[in-house]
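Please read the points below with the model open beside you. They are meant for someone seeing this structure for the first time.

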Amino acid sequence: MNTPATQHVRWDLDYDIHLGSTWGRFMQGLREKKILANTCPECRRVFVPPQAYCESCFVRTDEWLELPQEGVLEVFTVVARGFTGGPTPPYVIGAIRLDGADTLLIHLLRHTDQGDDGSRLEVGDRVRAVWAEDRSGHILDISRFEPIA
Amino acid sequence: MARRATISGVGMTPATSPSKQSRSVIELCQEAAWAAIDHAGVSPDQLDAIVVGNIDGFEGTVLGGKHQTRLLGLGDQLPLTVINTGGTTGGNLMQVAARMVRSGAHERVLCLGGPTFFGATDLQSAINTNSPMIVEQPLGMGAYHMGAFAASAYLQRHGIDAAALGEIVAIDHRKGAANPLAHLRYEVTPEQVMEGMQLSTPLTLPMVCPVSTSACAVVVASEEAGSASGHPTALIKAMGTSSDPYLGGGKGDFAVMQNLAILARRVYALADVRSPRDEIDVVELFAPYAHMQPMQLEALGFCEPGAGVDLMLSGATDRDGDLPTNMSGGPKCTNAGVAGELAPYAHVAMQLMGSAPPEIQLDDVRVGLAHGTGGSFFQFENLAVLHRIGD
């Protein structure tokens with residue numbers, strides 16, 4: 001069978017995304033080793049990452065609080081295949097319910113290339129944030145979460 | 001005055017992989033569009049609008065819908081609406097067209113979904129552009145990784161062994177193998193699925209959809225205009241859409257499809273469906289990952305939470321069961337982007353009209369349910385109940 005005729009086309013684009021005041025404040029908190037959340041004035045749910053509006057009540061959120069840096073691992077997946085530009089697999093990503101939060105924070109667990117294939121993790125584990133040495137106001141200022149021994 | 005809208009014609013090209021596809025996007029779109037208007041029994045000058053879908057970025061285009069429409073050969077007087085809602089674009093085409101017809105502004109609207117998983121050499125990277133770029137993408141969170149969260153949570157919640165996912169894929173492939181329009185037309189064993197390349201636990205490569213190329217088109221017409229087709233048509237009895245919170249963490253519970261369950265209640269109420277299992281004769285679900293189909297069957301009220309896998313294993317969703325589901329093989333066997341998202345509506349409409357490929361046509365089906373979904377962790381859901389009319 002003949003190979004279909006194709007021609008290579010490439011997009012090579014970089015973007016600067018304006019975080020705005022809500023995520024800007026959250027990222028500044030991470031730089032200072034603080035996990036900041038905000039609260040809906042009507043339903044009182046606590047959002048992390050924070051959000052400017054409550055998606056259930058459709059009202060502006062305006063109260064801020066600092067959350068503990070520990071919580072419960074509710075679900076995770078061990079990644080064998082990543083994607084171009086992403087972390088090098090294997091790695092583990094999970095959803096963490098920080099103490100006091102109503103939403104889940106998605107984050108890395110251990111990098112499995114550090115000698116852990118994720119098999120020691122269990123749903124329900126208590127986990128704690130591990131901070132990066134160099135922080136720039138980025139979600140990876142928390143380098144990962146790890147189980148509390 | 002508000003009118004009823006019906007699907008009166010369907011056109012769909014056989015699917016294949018990008019590496020075997022010898023035709024261009026526009027050539028596939030032309031074939032599907034002309035097949036649909038031919039099936040609907042209308043001429044191009046009887047169309048009064050076109051709704052076309054594309055997903056910016058996936059194909060290296062930002063005006064894909066516009067240029068496709070100019071080149072269809074359907075004339076230059078067709079008002080054009082471009083729908084660009086990511087993974088739900090295909091399902092939304094039909095719903096937008098139906099609103100245009102129901103409003104009384106249009107008689108016959110062509111919906112066109114082209115192949116949009118066609119050009120990207122690294123499709124995973126293209127798809128990942130839709131995940132929230134500031135707080136989720138940097139974590140190595142792509143499409144099937146998000147899927148893996150739900151799969152993992154669902155299995156854990158109900159104590160289901162991951163081997164069940166292998167059984168589900170084997171069922172889908174049996175159906176896809178019989179459908180001449182499907183892309184993956186081979187059978188697999190549950191063991192082969194489990195032994196496939198690991199992607200992200202518990203998902204292996206055979207548990208996720210292929211990258212397919214095909215085009216799909218449907219004509220949505222007023223009930224009166226649809227009757228000119230000379231065959232039964234698929235009345236759009238009720239439809240709706242619903243969406244999740246934007247961030248994955250806002251979902252709260254990955255083990256249930258709460259958003260779809262809410263939408264189903266709304267659409268069933270509009271269609272006066274009180275007992276979905278008893279009243280619906282044919283179902284097509286957009287289930288590109290193995291765990292999605294049982295979770296969707298549960299959310300749609302066909303069985304209790306946690307019973308979706310057993311429902312499939314019981315044979316109820318097979319051809320001779322009481323709830324034939326994804327007789328096309330579903331997106332697990334064919335996923336051509338926007339064309340693949342429109343496909344559930346097209347397949348259900350064909351079943352109701354008696355126009356499905358003979359190998360998969362069911363006998364005596366009168367009420368169908370078609371579903372679409374897409375997004376990132378953030379899922380839009382779309383759903384419609386269709387009735388056979390015009391016998």
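**Notes on the model**

1. A:Lys34 counts as partly exposed, at 32% relative accessibility. The side chain of A:Lys34 meets that of A:Glu32 in a salt bridge, with 3.8 Å from N to O. A:Glu32 is partly exposed too, its relative accessible area being 41%. Please keep in mind that this is a predicted model.

2. A second salt bridge in chain A joins A:Asp12 and A:Arg10, whose closest N and O atoms are 3.8 Å apart. Both of these residues are exposed.

3. Chain A also holds a network of salt bridges, which links A:Glu70, A:Asp99, A:Arg126 and A:Arg128. Over all chains, a search of the whole structure finds 17 salt bridges.

4. In chain B, a salt bridge connects B:Asp322 with B:Arg277, and their closest N and O atoms are 2.7 Å apart. B:Asp322 lies in the loop between helix 12 (308-313) and helix 13 of chain B, while B:Arg277 is in helix 10 (residues 276-279) of chain B, so the pair ties together parts that are 45 residues apart in sequence. B:Asp322 is partly exposed, with a relative accessible area of 40%. B:Arg277 likewise counts as partly exposed, at 28% relative accessibility.

5. What does B:Glu341 have around it, given that it is buried yet has no salt bridge? The nearest side chain of opposite charge belongs to B:Arg99 and is 14 Å away, whereas a salt bridge requires a nitrogen and an oxygen within 4 Å. Leaving aside residues up to four places away in sequence, B:Glu341 touches B:Ile55, B:Gly86, B:Gly87, B:Thr88, B:Thr89, B:Gly90, B:Gly91 and B:Phe286. B:Glu341 itself is placed in helix 13 (residues 338-353) of chain B.

6. B:Arg157 belongs to helix 5 (residues 143-158) of chain B and is partly exposed, with a relative accessible area of 45%. Not counting residues up to four places away in sequence, B:Arg157 touches B:Asp253, B:Ala255 and B:Val256. The C-alpha atoms of B:Arg157 and B:Phe254 are separated by 9.6 Å, although these two residues are 97 places apart along the chain.

7. How much area is buried between chain A and chain B? The value is about 3,100 Å², and carbon and sulfur atoms give 70% of that area. The contact takes 36 residues from chain A and 46 residues from chain B. Across this interface the rule finds 0 salt bridges. For polar contact, the rule finds 9 residue pairs across the interface of chain A and chain B, both residues being at pLDDT 80 or more.

8. Which elements of chain A each supply at least two residues of the side that touches chain B? They are helix 1 (20-31), strand 4 (70-79), strand 5 (91-98) and strand 6 (105-111). The largest share comes from strand 4 of chain A, with 6 residues. Sorted by class, the side of chain A that touches chain B has 24 nonpolar, 8 polar and 4 charged residues.

9. Each chain has a cis peptide bond worth checking in the viewer. In chain A, the bond from A:Val48 to A:Pro49 is cis, with omega near -5°. A:Pro49 sits in the loop between strand 2 (46-47) and strand 3 (63-67) of chain A. In chain B, a cis peptide bond joins B:Thr201 and B:Pro202, where omega is about 0°. The place of B:Pro202 is the loop between strand 5 (198-200) and strand 6 (203-204) of chain B.

10. Two backbone angles complete the note. A:Arg44 has a phi near 70°, a positive value in a residue other than glycine. A:Arg44 is found in the loop between strand 1 (35-39) and strand 2 of chain A, and counts as partly exposed at 44% relative accessibility. B:Asp364 is not a glycine either, yet has a positive phi of about 55°. B:Asp364 falls in the loop between helix 13 and strand 10 (367-375) of chain B. With a relative accessible area of 65%, B:Asp364 is exposed.

Conventions: Residues are numbered from 1 along each chain as its sequence is written. Chains are lettered from A and ligands numbered from 1 in the order in which they are written. Side-chain values use heavy atoms; hydrogens and water are left out. Contact means heavy atoms within 4.5 Å. Buried area is the accessible area (1.4 Å probe) that two parts lose on being put together, summed over both. A polar contact is a pair of N or O atoms within 3.5 Å; within protein, one must be able to donate a hydrogen and the other to accept it, and residues adjacent in sequence count only if both atoms are side-chain atoms. Helices (H or I, at least four residues) and strands (E, at least two) are DSSP runs, numbered from the N terminus. Ala, Val, Leu, Ile, Met, Phe, Trp, Tyr, Cys and Pro count as nonpolar, Asp, Glu, Lys and Arg as charged, and the others, Gly among them, as polar. Buried means under 20% relative accessible area, exposed over 50%, partly exposed in between (1.4 Å probe, protein chains only). Lys and Arg count as positive and Asp and Glu as negative; His and the chain ends are not counted.
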